[in-house]
Structure formats: C-alpha cells, structure tokens
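Hi everyone, thanks for coming. I'd like to walk you through a few backbone details today, so let me put the structure up on the screen.

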Amino acid sequence: MGQVSLTDAPFSESFAATNLDWVVNWARKNSLWPMPLGLSCCGIELMAMFGPKFDLARFGAEAARFTPRQCDLLVVAGTLTWKMAQAVRLVYDQMPEPKWVMSMGVCASTGGMYDTYSVVQGIDSILPVDVYVPGCPPRPDAVIDSIIKLQDRIQLERPTRDLLEGIPDYHDMGTGAAERQPNRAVIQKKKPGALIGDDI
Amino acid sequence: MTDENNEVAENATQTRVSELLSSLECTVTCAYDGMASVQCAPELIHAICAKLKTEGGFEGNTLVTAIDHGAGLEQRFEMVYQFLSMEHTQRVRVRAMTTGDDPEVDTITDLWPGTAFSERECFDLLGVRFAGHENLRRILMPEGFEHHPLRKDFPHIGIEPDKLYQKWDEERRSAFAEKEAGK
C-alpha cells in the first residue's frame with residue numbers, strides 16, 4: 001500500500017476540523033428527547049406541537065418517551081399543585097444528566113391566575129428551569145421558538161470540560177473568558193458526595 | 001313544563017314530606033328554588049334521612065355538604081343534604097344548623113353507602129366530622145394537611161403551602177445522605 005494523504009478521496013470528503021464541544025453540543029441539541037408532563041390544558045397544546053401540523057420532528061425533539069430514564073428535556077406543561085410537586089421532583093431526579101427543564105405556560109412559570117393555597121407559585125421553587133414560555137396556553141409556535149432558544153443555549157455549554165480538566169488554560173487560554181461565559185457544565189457538575197436537589 | 005305544573009309538584013312534595021315527618025320535630029317549607037326543605041336539629045338528621053329513605057321513597061342521595069356562615073358565629077356550620085326520589089320524581093333538602101367550630105353529626109353512610117365520598121370531601125374542606133364513618137380521611141388535600149380550605153377564616157393563599165413538600169424533600173435528602181455516607 002502506498003502512502004495515503006488526507007486530501008485524497010475519500011478522506012477529503014469525510015473529515016472536517018472542528019472542536020469537540022461544538023460537536024457534542026450539536027448532537028445534544030438536535031436530539032432532545034422531551035419528557036412531557038401535561039398537567040392541564042397546556043398539555044393539549046403540547047400534543048398539537050408533536051402532531052403533524054407543527055411537527056416538532058423538524059427540530060429533532062419529537063421522540064417523547066413517557067419514562068424519565070430515557071429523556072433529557074422535562075416539559076412541565078400546566079398547573080403544578082403542591083400535591084403533584086413531589087412526583088414532578090422525582091421525575092426530574094430520575095432523568096439522566098445532561099438534562100434541561102422547560103416551564104410551559106404561566107401556571108408553571110408563576111402560578112398564573114391560581115393564586116391559591118394548592119398551586120406551586122412557579123416551578124422554579126422546586127426545579128432548575130432553563131426556559132420559560134409565556135402564554136395561557138402558549139401557542140405551539142411559541143413552544144417551538146423556546147425549544148430553538150434552548151438549543152442556542154445548549155450550544156454554549158462546555159460538555160468536554162470534565163474530560164480536559166487536567167490541561168491548564170485549555171478553555172480561556174489565560175484570558176479569563178471561560179469565567180465570563182455561561183457554562184452549565186460547571187454549574188451542573190456534581191461534586192463527589194453532593195446531595196440530590198443541590199441544583200437550585 | 002309550565003309554571004303551573006311546577007307549583008303543583010312543589011306543593012305535592014311539601015305536603016307529602018310534611019305528612020311523612022309529622023312524628024319528628026322539624027319544619028317543612030318550600031325553598032325559594034321550589035324544593036321542599038326540611039329544617040331540623042343536627043341530632044335528628046339521621047332519623048329524618050332514614051324515614052325519607054324507607055318510607056318516603058327517596059332512594060338516592062345527590063348532595064352532602066356544609067355551609068360556613070362565618071368564623072366566630074355561635075351557629076357556624078349548616079349541614080345540607082339533598083335527596084331524589086325517582087319513583088315520585090321529587091326532590092327534598094334537609095338542613096340543620098350546628099354549633100361550634102368543630103361540629104360533629106351522624107353519618108348516613110349506613111343508609112346510602114355512596115355518601116362516604118361526599119362526607120369525606122365535606123370533612124376535608126370544611127372540617128365537619130361524621131360520627132360512625134368508617135373511613136373519614138382526606139380526599140382532595142394531601143394526607144398531613146392541617147387546615148380546612150373552604151372555611152371562611154382560611155386565607156386563599158394558604159398557610160405555609162409548601163410545608164408538606166419541604167418536609168418530604170428534607171426526609172429524602174437526609175435518606176440520600178445516609179446512603180452516601182454508608183458507601
């Protein structure tokens with residue numbers, strides 16, 4: 001066999017130079033598996049969003065699994081009562097990392113018009129929320145827009161930081177840029193012995 | 001159905017119920033909505049209900065609830081029952097004023113087993129106790145909830161609404177910490 005160069009076919013069409021963070025984020029953001037928690041009328045709009053008319057499959061997030069073990073995007077759609085809050089928190093804890101949370105509708109975000117003793121006044125008091133969707137209920141377009149915003153945010157993460165932790169100055173090259181950028185990988189990184197629920 | 005017919009039906013119910021309950025101490029009137037209304041003492045509720053069912057043909061219960069007339073009143077809670085007779089196509093209402101902040105009346109689950117749920121709801125939301133009820137626990141609010149939300153002196157935003165969740169959360173965390181420490 002003679003010497004093969006990367007500029008020769010087929011390699012010239014099969015390789016691309018990029019950075020690992022970008023590739024991992026690109027794969028993650030385009031294959032979000034939602035865990036639908038349809039708690040009230042927002043669940044109906046959620047179903048419409050999965051349906052053919054709005055077609056969430058265009059953004060790679062149509063594989064809704066009704067088990068938290070296979071999901072990475074928790075969509076809390078609707079009014080969350082204190083009686084239900086324990087179940088929702090358990091669902092979140094059962095999801096594997098990395099995971100994101102969407103608060104769909106005003107009831108999930110703030111309690112909405114249910115300013116009462118039985119309703120959680122915003123799910124951010126029990127869960128770390130990544131994206132809020134206003135509306136009562138929000139249109140499927142709005143939810144798709146928020147999923148795109150979440151994808152943009154996922155693209156900013158640094159998932160390989162743990163792998164490359166030993167390399168000095170890898171991330172900011174001594175400029176301090178990594179400290180200024182949003183970096184969920186650092187926030188979500190579990191220290192040994194950290195407790196569940198320490199994320200909020 | 002014309003108004004004339006309505007009036008006849010009301011009067012017939014009222015007359016029939018009055019005759020039926022003549023041996024018991026109660027007053028039978030025609031309520032503003034046209035339903036025959038029996039007013040009695042809370043001790044007589046069970047006796048009147050038993051008579052309505054066995055002799056009056058009121059085989060169905062449609063409502064068990066209470067009205068909170070306001071905190072601090074001597075006669076605070078008013079019990080309300082409604083019954084239906086398919087045989088006579090008549091309805092009747094039984095009302096009784098109770099005394100005190102923590103009233104107790106006799107259960108009617110021995111007459112209509114289905115009222116067990118209505119009485120549980122009444123106990124859960126208004127705090128009325130039903131003596132003789134076999135399974136008198138909360139039905140809408142979670143176990144461990146300390147208040148009765150439909151009472152007039154209960155604030156609509158609640159009293160420490162997250163108390164039960166925080167308690168559960170702390171127990172869960174401490175159990176997890178113990179498990180981690182044992183490793």
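Let's start in chain B, where B:Glu160 sits in the loop that runs between strand E7 (129-131) and helix H4 (163-181). Please keep in mind that this is a predicted model. As a reminder, most residues other than glycine have a negative phi. B:Glu160 counts as exposed, because it has 10 C-beta neighbours inside 10 Å and the cut-off for exposed is 12 or fewer.

Chain B has another such spot. B:Thr89 also has a positive phi, near 45 degrees. You'll find B:Thr89 in the loop between strand E4 (77-85) and strand E5 (90-97) of chain B. With 10 C-beta neighbours inside 10 Å, B:Thr89 counts as exposed.

Now over to chain A, for the peptide bonds. Most peptide bonds are trans. The one from A:Glu97 to A:Pro98 is cis, with omega near -5 degrees, and A:Pro98 belongs to the loop between helix H4 (82-94) and strand E3 (100-104) of chain A. The bond from A:Cys136 to A:Pro137 is cis too, with omega near -15 degrees. Look for A:Pro137 in the loop that links strand E4 (131-133) and helix H6 (140-155) of chain A.

Last stop: where the chains meet. How many residues of chain B are in contact with chain A? There are 15, and they touch 11 residues of chain A. On the chain B side, the classes are 9 nonpolar, 2 polar and 4 charged residues.

Conventions: Residues numbered from 1 in each chain as written. Chains lettered and ligands numbered in written order. Predicted model: local features only at pLDDT ≥ 70, side-chain atom pairs only at ≥ 80, totals over all residues. Contact = placed C-beta atoms within 7 Å. Nonpolar A, V, L, I, M, F, W, Y, C, P; charged D, E, K, R; others polar. Helix = DSSP H or I, 4+ residues; strand = E, 2+ residues; numbered from the N terminus. Buried ≥ 20, exposed ≤ 12 C-beta atoms within 10 Å, placed from the backbone.
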